[in-house]
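Thanks for asking me to look this over.

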2 protein chains.
Amino acid sequence: MKINPGFLNLKDRYLFALIGQKVREYTAQNPSQEIIRLGIGDVTLPLSPVVVAAMEQAAEEMGRAETFRGYGDEQGYPFLRQAICRYYAGKGVNLTDTEVFISDGAKSDLGNILDIFAAENTVLIQDPAYPVYVDTNIMAGRQIKFLAGTVQNDFLPLPSPDLEADLVYICSPNNPTGAVYSREQLQQWVDWALDREAVILFDSAYEAFIQDPELPTSIYEVEGAKRCAVEICSLSKTAGFTGVRCGYTVVPHELVREGVALNELWFRRQTTKFNGVSYIVQRGAEAVFTPEGLQQTRESIQYYLENARLISSALEELGLWFTGGRNAPYIWLQCPGGMGSWEFFDYLLHQYGIVGTPGAGFGQQGEGFFRLTAFGRREDVLRALERLVTLSL
Amino acid sequence: MKINPGFLNLKDRYLFALIGQKVREYTAQNPSQEIIRLGIGDVTLPLSPVVVAAMEQAAEEMGRAETFRGYGDEQGYPFLRQAICRYYAGKGVNLTDTEVFISDGAKSDLGNILDIFAAENTVLIQDPAYPVYVDTNIMAGRQIKFLAGTVQNDFLPLPSPDLEADLVYICSPNNPTGAVYSREQLQQWVDWALDREAVILFDSAYEAFIQDPELPTSIYEVEGAKRCAVEICSLSKTAGFTGVRCGYTVVPHELVREGVALNELWFRRQTTKFNGVSYIVQRGAEAVFTPEGLQQTRESIQYYLENARLISSALEELGLWFTGGRNAPYIWLQCPGGMGSWEFFDYLLHQYGIVGTPGAGFGQQGEGFFRLTAFGRREDVLRALERLVTLSL
């Protein structure tokens, strides 16, 4: 029996597991120091009342013979897929419900979608990036190329004609940088992909944070994208579903490679290796897309965006370079005083009891940078900023 | 961009999707004929009250800031992993909670566990078998060997010394045949695997149906199994969770290959490509393992086993050869009059309005056989049997 050699090429530990361990060790040695977490992108506001009510009702239905539900379609209940189609119609994007697949979250689908692509494809990943893009492709033994995000390109790298790859990940609003591609910039990526029959894996997990009406919240707002892009989204940040677990993946029927519709391949993958999302969760997700749900959701997003604004203002006062923090829940800053990412991590933890995420954990280009998130409770954010204003550079 | 060539080697459609289509076509043409489904293994009894109450409470907790939960551990909450350890302790199997991984169901994990094994491993699959074993390995491009289940070996094939493979699937109680391996027979498989460092993927999804105290309900009841077996289980049939979605996978720390603990590989896979099961669902699953939950669950299992007994009696009266139906929710019968599996499927559908599952859908050796399930409502089972007694052989 041979184990998958790809696993042996992975770095030891998943980034957030490593951070968790460092914090636990520090806390064990300094039990009286209160820790404020502005690190992992977990939400703190509770679910909207309309979502809770829908899940309670669904649980109750499951306890009565007349309303009990067993297996649903692996790709999700039509009521939820249709609700998502209506949500997209509101953005001016027309989808049919067979183009929408309900998942237990973007992380699962970002990894699992790779099943339908050959191992010999070359993958293009922006650096810095969400570590899952890199690790899942190392597991699959794929060749990875990196495209550098830098201060010079505002961490929004663009394709050049000599750039070649089969698959490319784009995350906008970006994790970890909070940078957001404009319509014109995404059009460059779509044109590049169409030219060489590449496929874009578009991670739109943070789309709900976009406030500027000029910025696209779906890659399908861009001409030609249905012929080259899969879009993967999540309700984790949109509606506080990090613990509820629901997302969706859009595979347009027009997306065809080697004469095969990727929609059919993904359908085959999901019907074979997945059995759908909990009915109770799907009813909760449906409620997110009701007028009441959207209203309640918007209020939570505004709350987090106000956190981002407060953090951004503090960083401006400190004179630190950063991007993100508008139209995104992430703030990506240059570590002060030429510190390295992990050095700054330790410094913030030990001096201020603040946990952030070292940029180096997102790739080589992240070295010297640091990610803060806006998902904290307001009072925690304010206390963290009170501590930070004393930051000596 | 190249698509995964493994997908092109798959048969057109997943078995149950094909059956669904045939039934829809028949119903469209014969709208007045009432259909009784004894086909797909979906449960019909509602969830236990204790499970519903736990999920309602969990949903309510998610709506309040003080009790809201975001991301949990990818491998599941300790409260559920520990409840499962206690359940195993009741079988005389000692596990630590780091050996238990919570999943959204056995189907997902049966497919996803393959990620940790090299593509060049040879896989041994019993024929007939749950189609997911075959299809997931075709997708991964693995070489598959089949081991025939036959009337002669009671559909419980055993290893011979000249049999070689790296991975082997064992499902007991078996889907589709309902046959159950004895302790001595499983010991033969474990010894065979230990001899050649193979790994057994033990599918115990139907373990709760075993009533005979002599039959093992976990492979870890067999000496040496922790050094060669992964056990994958589900609450779908145990507790009616087909629509709720929760299962678990056990990877013992003692299971080491090429110097690497498979537990660590699976942990790495799950933390990278999965984000855990809904908190609400995990609270429901925890309730299954309370004394009250186990009692309520046992009553449902007894109900289904009584269905199985009624179907078995009818088949005996008809003089048909069959296996299963005791200690299992499946009855595997030889089609009457030398009919082929799909021929008998069409015959039952068109003559009696009864939907079963053609044995041929589970592999070549399934041709000429047919699966009935005991998961129907009692009144449907009784009406189906009333129709069936008129079966002309």
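**Notes on the model**

1. In chain B, B:Val123 stands opposite B:Leu167 of strand 5. Strand 3 (residues 122-127) and strand 5 (residues 167-171) of chain B pair in the parallel sense over 2 bridges. Strands here are DSSP runs of E with at least two residues, helices are runs of H or I with at least four, and both are numbered from the N terminus; two strands pair if DSSP finds at least two bridges between them.

2. A word on the source: this is a predicted model, in which local features need pLDDT of at least 70 and side-chain atom pairs count only at pLDDT 80 or more, while totals for chains, interfaces and linings use all residues. Residues are numbered from 1 along each chain as its sequence is written, and chains are lettered from A and ligands numbered from 1 in the order in which they are written.

3. Stepping back to the sheet, chain B has an open one of 7 strands, ordered 2-8-7-6-5-3-4 with mixed pairing. Its edges are strand 2 (100-103) and strand 4 (143-148) of chain B, each pairing on one side only. From one strand to the next, the twist averages 20°.

4. Helix 6 (residues 131-139) of chain B lies across strand 3, strand 4 and strand 5 of chain B, at about 155° to strand 3. Angles run from 0 to 180 degrees between N-to-C directions, with axes fitted to C-alpha atoms, for helices over the stretch in contact.

5. Now the two chains together: a rotation of 180° with 0.0 Å of shift along its axis superposes chain A on chain B, with RMSD 0.0 Å. That is the relation of a two-fold axis. Of chain A's residues, A:Glu56 comes closest to the rotation axis, at 2.5 Å (C-alpha).

6. Finally, the axes of helix 3 (residues 49-61) of chain A and helix 3 (residues 49-61) of chain B come within 9 Å and cross at roughly 180°. That makes the two helices roughly antiparallel, a label for angles over 145 degrees. Among the residues making this contact are A:Val52, A:Met55, B:Val52 and B:Met55.

Technical notes. Angles under 35 degrees count as roughly parallel, over 145 as roughly antiparallel, 65 to 115 as roughly perpendicular and the rest as oblique. Two residues are in contact if their C-beta atoms, placed from the backbone, lie within 7 Å. Copies are superposed by least squares on the C-alpha atoms of residues with pLDDT of at least 70 in both.
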